[in-house]
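Please study the sequence and structure before working through the solutions.

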Amino acid sequence: MDLALNSMELMQGSALVIGKRTAAMAVAGADPSVAQKREMRRMVDEKTSASAESLTRIAFASAGAYQSMFMTAALGGRLPSSSQVQRATIKVLGAAAAPYRAKVRDNVKRLGRK
């Protein structure tokens, strides 16, 4: 349920941020101001850093889940259940989306003040 709610927050926030930034770029036209150029650079920097953080979180969450399931199989002699695999997958997906959601949430607040 948390993954679904967090995904919905990410989608709604992204739509708002994209709309505000697209409108700002249209207003800026071919000759953006220093502040508008800074905002455009910020878009790229945020996506790059969120992507790197997301990939790192995916790696750690996947490794943790794999290790846990492997140890269960090795010590208990049984394969992971489908519900264990499902929980691990949801955890990895949540870890992957978290950096993007944080950036979008910050942008919604920041751009909403303008």
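**Exercise 1.** Determine whether Glu46 is buried or exposed, and identify the salt bridge in which its side chain takes part.

*Solution.* Step 1. Glu46 has a relative accessibility of 11% and counts as buried; buried means under 20% relative accessible area, exposed over 50%, and partly exposed in between, with a 1.4 Å probe and protein chains only. The model is a predicted one, in which local features need pLDDT of at least 70 and side-chain atom pairs count only at pLDDT 80 or more, while totals for chains, interfaces and linings use all residues. Residues are numbered from 1 along each chain as its sequence is written, and side-chain values use heavy atoms, with hydrogens and water left out.

Step 1. The side chain of Glu46 meets that of Arg42 in a salt bridge, at 3.2 Å from N to O. A salt bridge is a side-chain nitrogen of Lys or Arg within 4 Å of a carboxyl oxygen of Asp or Glu.

Step 2. Both residues belong to helix α2, four residues apart, about one turn of the helix. Helices (H or I, at least four residues) and strands (E, at least two) are DSSP runs, numbered from the N terminus. Arg42 is partly exposed, at 37% relative accessible area.

**Exercise 2.** State which residue forms a salt bridge with Arg21, and explain why the pair ties together parts that are apart in sequence.

*Solution.* Step 1. The partner of Arg21 is Glu39, with the closest N and O atoms 2.8 Å apart.

Step 1. Arg21 lies in helix α1 (residues 2–28) and Glu39 in helix α2 (residues 34–76), so the bridge links parts 18 residues apart in sequence.

Step 2. Arg21 is buried, with a relative accessible area of 5%, and Glu39 is also buried, at 14%.

**Exercise 3.** Locate Arg110 and list its polar contacts with Glu39 and Asn107.

*Solution.* Step 1. Arg110 is placed in helix α3 (residues 82–112) and is buried, at 13% relative accessibility.

Step 1. Its side chain makes polar contacts with the side chains of Glu39 (2.9 Å) and Asn107 (2.8 Å). A polar contact is a pair of N or O atoms within 3.5 Å; within protein, one must be able to donate a hydrogen and the other to accept it, and residues adjacent in sequence count only if both atoms are side-chain atoms.

Step 2. Leaving aside neighbours within four places in sequence, Arg110 is in contact (heavy atoms within 4.5 Å) with Arg21, Glu39, Arg42 and Glu46.
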